[in-house]
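Open the model in your viewer and keep the selection panel at hand. The stops below go from a pair of helices to the ligand.

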Amino acid sequence: MVKAAKPLFDRVAFIGIGLIGASMALAMRRAKVTNFIVTCDSSAKARKTALDLGIVNDATKDYGKAVKDADLVVIATPVRSYETIAKAIARHLKSGAIVTDVGSVKKEVIAAVKPHLPKNVHFVPGHPIAGTEHSGPEAGFAELFQNRWSILTPPPRTSAKAVVKVAELWRRIGAKVDTMQPDHHDMVLAITSHLPHLIAYTIVGTATDLEGDLKREVIKYSASGFRDFTRIAASDPVMWRDIFLANGPAVLEILQRFTEDLTALQKAIRKTDGKTLEDLFTRTRAVRRSIIDARQA
Ligand code: NAP
């Protein structure tokens, strides 16, 4: 008989128990990664839901109470709240504790958190490439990270043991793990996630600015194209405001290239240059196939 793996952490604290925090907590309970989970969340509703649904063992609005004695602290709130949180938890952290996070931007997160943490605490920044357009603990589910990537971006001189432990946590809850430089992460995510969200917000925004009848018809006849954009554009406004503010330079760089490519397509349509259009659409179809082949569809 295969022996069950030992829990990796005695006590885990989640700062923020929304979609991602709750999904991690549920997955960690199922994989027996820890025996005790506490959350500190500013929302009384989220705290109550997390307790009622059995996602956590305890919930508080007191940062110190939550992180005291925790072996692992996971920050899972919108990224621009990180600095305040780092300052609030710093003096309560136990020596040797690991602090990690799930924020969608890494360079600014590291700059906001690392300087405030004591030397005897290990900071291993992370980002699971998994999510939905829903928010709150009630949207969480244990399978969210199955076969998804989780990217770790440890700053130089981070304890290798702490990195291995965080990587092991992600593997035990079903994810595949990669490590990356924070800048590189932010540029990759600007292309794969941030720009698509910006486009979706723009398209849906344009539709909502249309005058009466036209707007009603857009909603009534919304075919899969527009409908898919509305799903993305329904993502949490605070979380996405923070992502664009925190990853401004990378998003602006990619946006510049995107604008140039869009102008080229505009020109192709104006010049009835079907070849340029068909060539591009053929290339993009192949990209979809490779994502399906990589089982990330
Ligand atoms: P969420 O569902 O909106 O939950 C965030 C929770 O944190 C809310 O209950 C919120 O309470 C609470 N909170 C906000 N500021 C706080 C603070 N200063 N102290 C304590 N609690 C606080 O968010 P999420 O979707 O799980 O996203 C969390 C993080 O994961 C973000 O950094 C995001 O970039 C990252 N991420 C998200 C996804 C995704 O698809 N959603 C995917 C990968 C990574 P209030 O409602 O009262 O503000």
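Select α7 and α10 first: their crossing is left-handed. This is a predicted model. Helix α7 covers residues 182-208, and its axis lies 11 Å from that of α10. The two helices pack at an angle of about 120°. Angles from 65 to 115 degrees count as roughly perpendicular and those over 145 as roughly antiparallel, so α7 and α10 are oblique to each other.

Next, select the ligand and the residues around it. The shell holds 29 residues, and the closest are Ile20, Tyr63, Thr77, Ser104 and Gly136. By class, 15 residues of this shell are nonpolar, 13 are polar and 1 is charged.

At Ser104, a polar side-chain atom is 2.6 Å from an oxygen atom of the ligand.

How much of the ligand's accessible area does the protein cover? On its own the ligand has 900 Å² of accessible area, of which the protein covers 81%.

Last, colour by secondary structure. Which elements give two or more residues to the shell around the ligand? They are α1 (19-30), α4 (82-89), β7 (126-128) and α10 (237-246).

Definitions and conventions. Residues numbered from 1 in each chain as written. Predicted model: local features only at pLDDT ≥ 70, side-chain atom pairs only at ≥ 80, totals over all residues. Heavy atoms only, no water. Near = heavy atom within 4 Å. Polar contact = N/O pair within 3.5 Å; in protein donor to acceptor, adjacent residues only side chain to side chain. Areas by Shrake-Rupley, 256 points an atom, 1.4 Å probe, with all protein chains shown as cover. Helix = DSSP H or I, 4+ residues; strand = E, 2+ residues; numbered from the N terminus. Nonpolar A, V, L, I, M, F, W, Y, C, P; charged D, E, K, R; others polar. Axes fitted to C-alpha atoms, helices over the stretch in contact; angles between N-to-C directions. Parallel < 35°, antiparallel > 145°, perpendicular 65-115°, else oblique. Left-handed = near helix turned anticlockwise from the far one by under 90°.
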